[in-house]
Amino acid sequence: MGDVEGKKMKILCLHGFRTSGKFLKKQISKWDSSIFAHFDMDFPDGIHPAGGKSDIEGIFPGPYFEWFQFNKGKILKDQPKMKLYVSISGSKFREPSICEVAYKEPIKVKSIHFIGEKDWLKLPSEELATAFENPLIISHPQGHTVPRLDEDAVQKLKNWTEEIFLLFQSKSTTTSEDAELGETKNEQEFKN
């Protein structure tokens, strides 16, 4: 599977609560590298310093970060639209004013959800998956962690990323009408 005109689809990899981009990159590095070979993976740190103790202190060196501080930051409706979503031990927001915006309708974004059988957030992770239209759920026997993947999970993830890549490839084709407008089909699709 090659790149689209030498370009890879960029994937923004947002780490969990009070961790860091370096920590997430290290965790995902235990997965088969061919899964994301056709993507440009970016692992930035959250925009706010951690506002408290991190669960990974003593396991992975800081500094640690957070993405949201709702009393200081933007509400979700001000955020850019997602094209795909990968959740590892994720959960829904709990603040009612945010939920009214975030979960008003099913989220129509290709999504994959890794849910651990021993995760203390198992039920909230399952609840989050139901907020998406046609989510792919990969269960694993571990807890609240980036899981080691068995052969079946690797194959499901490879199939999912290939589907995303092919969708990106087909939508990145510029038609002459789109070129006059200066937009690709991909840009138009994700504006709607």
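**View 1. W31 and F114 are both buried in this predicted model.** The two rings form a tilted pair, because their centres lie 5.1 Å apart and their planes meet at 35°. Stacked pairs need planes under 30 degrees apart, and edge-to-face pairs need over 60. The pair joins distant parts of the chain, 83 residues apart. W31 belongs to the loop between helix 1 (21-28) and strand 2 (39-42). F114 belongs to strand 6 (residues 110-116).

**View 2. Ring pairs gather W31, F36, F39 and F114 into a cluster.** How many aromatic pairs does the structure hold? The structure holds 5.

**View 3. The second largest pocket is lined by K25, I28, S29, W31, D32, S33, F36, A37, M41 and F43.** Its volume is about 170 Å³. By type, the lining splits into 6 nonpolar, 2 polar and 2 charged residues. W31 and F36 are among the lining residues, and both also belong to the ring cluster.

**View 4. K92 meets the ring of Y103.** The charged end of K92 sits over this ring. The distance to the ring centre is 4.8 Å.

**View 5. C13 is shown with its relative accessible area of 7%.** Buried or partly exposed? C13 is buried, because 7% is under the 20% cut-off. C99 is partly exposed, with a relative accessible area of 22%. The structure holds 0 disulfides.

Note on methods:
Residues numbered from 1 in each chain as written. Predicted model: local features only at pLDDT ≥ 70, side-chain atom pairs only at ≥ 80, totals over all residues. Heavy atoms only, no water. Phe/Tyr/Trp six-rings, centres within 6.5 Å; stacked < 30°, edge-to-face > 60°. Helix = DSSP H or I, 4+ residues; strand = E, 2+ residues; numbered from the N terminus. Buried < 20%, exposed > 50% of the residue type's maximum accessible area, 1.4 Å probe, protein only. Lys NZ or Arg CZ within 6 Å of the ring centre and 35° of its normal. 1 Å grid on protein atoms, 1.4 Å probe; cavity = no way out; pocket = protein on both sides within 12 Å on 5 of 7 lines; lining within 4 Å. Points joined across faces, edges and corners; volume = space filled by probe spheres on them. Nonpolar A, V, L, I, M, F, W, Y, C, P; charged D, E, K, R; others polar. Disulfide = S-S within 2.5 Å.
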